[in-house]
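Dear colleague,

I am passing on the structure we spoke of, together with notes on what was found in it. Please look through the sequence and the model first, and then read the notes beside them.

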Amino acid sequence: TGFKGSWLSMILKYLGCKIYGYALMPDKSKSIFKEYKLSNMFKKSTISDVRNFKNLYKKIELVKPDIIIHMAAQPLVIDSYKKPYLTFDVNFRGTLNILEAAKKYRFIKSVICVTSDKCYENVGKIKGYKETDMLGGIDPYSASKSSAELLIRSYKESFFKENKCGISSVRAGNVIGGGDWSTNRLIPDCIRSLYKNKKIVLRNPN
């Protein structure tokens with residue numbers, strides 16, 4: 001129901017995949033999920049929280065997916081300062097629940113966990129970070145994502161060496177595209193200002 005999940009769903013549907021969703025209610029404000037009536041694609045999907053262990057397992061057992069793409073997250077750095085407990089709870093425990101399901105159910109062949117490029121220790125590099133760089137992060141969002149990365153690695157090495165299920169993480173950078181109305185993001189903020197015929201204000205002009 002989020003920005004990335006909505007686009008991913010449309011792409012997977014276009015490729016002919018059979019999709020089942022498990023997500024929170026779409027945002028009450030502008031939402032690409034609502035605008036494109038994506039609920040019509042998800043007749044058997046579930047509105048629930050990835051932290052709801054029982055509901056998640058019940059749904060996975062019913063659907064028996066081949067692949068799980070885990071994108072559920074509290075995705076905003078500024079919000080992580082306002083709601084640190086929620087940020088760690090969703091980003092870490094949500095991932096833990098998904099990995100536990102993959103460990104339990106043999107019909108799952110692949111799990112892709114989407115984390116963030118903010119999982120790296122910020123050492124002021126001008127060039128982009130690489131997968132060999134050290135994990136870290138001071139703000140709660142970055143720390144929650146680096147924690148999730150350690151969790152994914154731990155499960156991969158501890159429980160999936162002999163398992164036929166593939167476990168991987170994708171450290172996504174900021175994604176720009178239609179339908180992202182999150183606050184405190186450069187492009188959405190610019191578009192909002194243009195809509196309202198207001199000056200574009202840059203929080204970090206340097």
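An open sheet is formed by 3 strands, which run in the order β3-β4-β5 with parallel pairing; strands here are DSSP runs of E with at least two residues, helices are runs of H or I with at least four residues, and both are numbered from the N terminus. Two strands are taken to pair if DSSP finds at least two bridges between them. The edges are formed by β3 (67–70) and β5 (166–170), each of which pairs on one side only. Neighbouring strands of this sheet are turned against each other by 10° on average, direction ignored, where the axes are lines fitted to C-alpha atoms (for helices over the stretch in contact) and angles run from 0 to 180 degrees between N-to-C directions. Strand β4 (residues 110–114) pairs with β5 in the parallel sense over 5 bridges, and Ser110 stands opposite Gly166 in β5.

Before the side chains, a word on the basis of these notes: the model is predicted, so that local features need pLDDT of at least 70 and side-chain atom pairs count only at pLDDT 80 or more, while totals for chains, interfaces and linings use all residues. Residues are numbered from 1 along each chain as its sequence is written, and side-chain values use heavy atoms, with hydrogens and water left out.

The count of salt bridges comes to 11, a salt bridge being a side-chain nitrogen of Lys or Arg within 4 Å of a carboxyl oxygen of Asp or Glu. One of them joins Lys103 to Glu100, with the closest N and O atoms 3.4 Å apart; the two residues are separated by about one helical turn, because they lie 3 residues apart in helix α5 (residues 84–104). Lys103 is partly exposed at 29% relative accessibility, and Glu100 is also partly exposed, at 22%; by the terms used here, buried means under 20% relative accessible area, exposed over 50%, and partly exposed in between (1.4 Å probe, protein chains only).

Another salt bridge is that of Lys161 with Glu157, where the closest N and O atoms are 2.9 Å apart; Lys161 is exposed at 55%, whereas Glu157 is partly exposed at 40%. The side chains of Asp189 and Arg203 also meet in a salt bridge, at 2.7 Å from N to O, and this pair links distant parts of the chain, with Asp189 in helix α7 and Arg203 in the segment after α7, 14 residues apart. Asp189 is buried, with a relative accessible area of 18%, while Arg203 is partly exposed at 43%.

As for the cysteines, the count comes to 0 disulfides, a disulfide being a pair of cysteine sulfur atoms within 2.5 Å. Cys119 is in no disulfide, and the nearest cysteine sulfur, that of Cys113, is 13 Å away. Cys119 is buried at 0% relative accessibility, and Cys190 is buried as well, at 17%.

Finally, Lys130 lies in the loop between β4 and α6 (140–159) and is exposed at 53% relative accessibility. Lys130 and Pro75 are 55 residues apart in sequence and 21 Å apart in space, C-alpha to C-alpha.
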